[in-house]
Protein chains: 2
Amino acid sequence: MNALNISVSAKLYNKNPEETDLGKRILSKSIELMEEMGYEHVTFKKIGLAIESTEASVYRYFQNKHQLLAYLINWYWGWLEVKMAQEFMMLNSAEDKLKRAVELLVLPMDEDERIPHIDEGTLQRLVVAEYPKIYLTKEVDTENEEGYFLGYKRLCDTLGNLALQINPGYKYPHSLFSTVISAAQSQQFFTEHLPRLSDAATGRGAIVEFLTEMTLNSIQKR
Amino acid sequence: MNALNISVSAKLYNKNPEETDLGKRILSKSIELMEEMGYEHVTFKKIGLAIESTEASVYRYFQNKHQLLAYLINWYWGWLEVKMAQEFMMLNSAEDKLKRAVELLVLPMDEDERIPHIDEGTLQRLVVAEYPKIYLTKEVDTENEEGYFLGYKRLCDTLGNLALQINPGYKYPHSLFSTVISAAQSQQFFTEHLPRLSDAATGRGAIVEFLTEMTLNSIQKR
DNA sequence: TACTTTTTGATAGTATTACTATTATATTTG
DNA sequence: CAAATATAATAGTAATACTATCAAAAAGTA
């Protein structure tokens, strides 16, 4: 019995993977496989093998690999938002909430025991490595209509509203937080793989500091 | 006779496409095709057809589609840097140069007549739609060693140094400009396809303003 | 319990893709 | 002109991304 359920648009699957054991195994193993060998190298055949079932079974849950990735990434944004909502209850100022939000975007995640079939840490690394691939396609407009990007949009809205609490006149809340969320991912990637594109040799703490400064300096009235 | 030559690492091609007519046709047509139908839907067979030659001919110039995309994107960053260097000569303050840099990243490009085989406007749109795909792969580390990302890195350095002229104590010049360059691309994409992720309904001017503000507010001593 | 529906496993098959290889013909260069 | 190189035309292969079929297993229902 799940204490917690993350909502993902029904257009993101053929058959809801959260409802069956096989479905949960697909989620669990595809996160593992994709993080390990990279989205491009994963096939439904390999996933079938990993879940000790067949390619056809995976197709029964997801139309294709792209939809599966979109599902996982949406799940992640949804879960992050839940996590943030929980932590925000313990904080008072919008500024503190924004600071904590940046930390949650960047710092490594512990497993959430309420959801045993998803390893949030691995999923976070998967998101860092793959998230733009779900919208950088020629199908973006139709997929947008089907709710493929709702998770990301909601998270941007939530954070944007916090910014407006600090400065109701700030003109670019959506642009700022789509930038910050995206930078949170890419700075993690750059720190590991293309260090000349970051200044975070000292680790994730530096990324948090960079992003927090950038966020608060942008919002502040002056 | 080219008045201008953009340098791209020799690891980014099998045979230098700038040296032959067929090579230039490959560049020209692949920019067109990729922008039009999207990277995923392009094949070397289709490029072969478009240049009125064959698949095998394209393989003589590029090992695969990924390398071709990396070539085009590196060419673009190299070209942007040349463009910026030219324009910076007419400006005095580092701040003015940064402002102009942001405009060049975001505003539509005119064709550079010195390079007739490359349509810079189309290439810019291609970069907006595809640029993260060259580094978001499991091969990133080996490709990095081969110079696949030099163009991006150099541009970040150049802009980072301008920031340091304004505030020598600024701690995150690389992170800031990898973020700004990347945001320049993604905000263009979001404005067109996922408008809830931007506040630029009014067009590119708003993107320029957002990024300029963010950049200068981040750098400034306070 | 028996009966029906749904889910899964096993297998086969197809079109497309991403190459590699071969050879003949142009074209360029010395 | 001969020699070297570049290109065109074609063929072939392994892997991928599906679609389809059918029987066995499991689950839900009367």
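Student: Helices (H or I, at least four residues) and strands (E, at least two) are DSSP runs, numbered from the N terminus, so where is Glu52(B) found?

Tutor: Glu52(B) sits in the loop that lies between helix H2 (44-50) and H3 of chain B. Keep in mind that this is a predicted model, in which local features need pLDDT of at least 70, side-chain atom pairs count only at pLDDT 80 or more, and totals for chains, interfaces and linings use all residues. Residues are numbered from 1 along each chain as its sequence is written, while chains are lettered from A and ligands numbered from 1 in the order in which they are written.

Student: What is the phi of Glu52(B)?

Tutor: Glu52(B) is not a glycine, and yet its phi is positive, at about 55 degrees. In chain A, Glu52(A) is found in the loop between helix H2 (44-50) and H3, and its phi is likewise positive, near 55 degrees.

Student: And Glu52(B), buried or exposed?

Tutor: Glu52(B) counts as exposed because 10 other C-beta atoms lie within 10 Å; with C-beta atoms placed from the backbone, a residue is buried if 20 or more others lie within 10 Å of its own, exposed if 12 or fewer, and partly exposed in between.

Student: How many residues of chain B are in contact with chain A?

Tutor: 42 residues of chain B are in contact with 42 residues of chain A, a contact being two C-beta atoms, placed from the backbone, within 7 Å. H9(B) gives the most to that side of chain B, with eleven residues, and by class the side has 17 nonpolar, 15 polar and ten charged residues.

Student: What about Leu136(B), what does it touch?

Tutor: Leu136(B) lies in the loop between H6 and H7 of chain B and touches Ala129(A), Glu130(A), Pro132(A) and Lys133(A), not counting residues up to four places away in sequence. Leu136(B) is buried, because 22 other C-beta atoms lie within 10 Å.

Student: Which rotation superposes chain B on chain A?

Tutor: A rotation of 180 degrees with 0.0 Å of shift along its axis does so, at RMSD 0.0 Å, and that is the relation of a two-fold axis; the superposition is by least squares on the C-alpha atoms of residues with pLDDT of at least 70 in both copies. In chain B, the C-alpha nearest the axis belongs to Asn217(B), 2.9 Å from it. The copies meet through the same surface, because 100% of the interface residues of chain B are also interface residues in chain A.

Terms used
Ala, Val, Leu, Ile, Met, Phe, Trp, Tyr, Cys and Pro count as nonpolar, Asp, Glu, Lys and Arg as charged, and the others, Gly among them, as polar.
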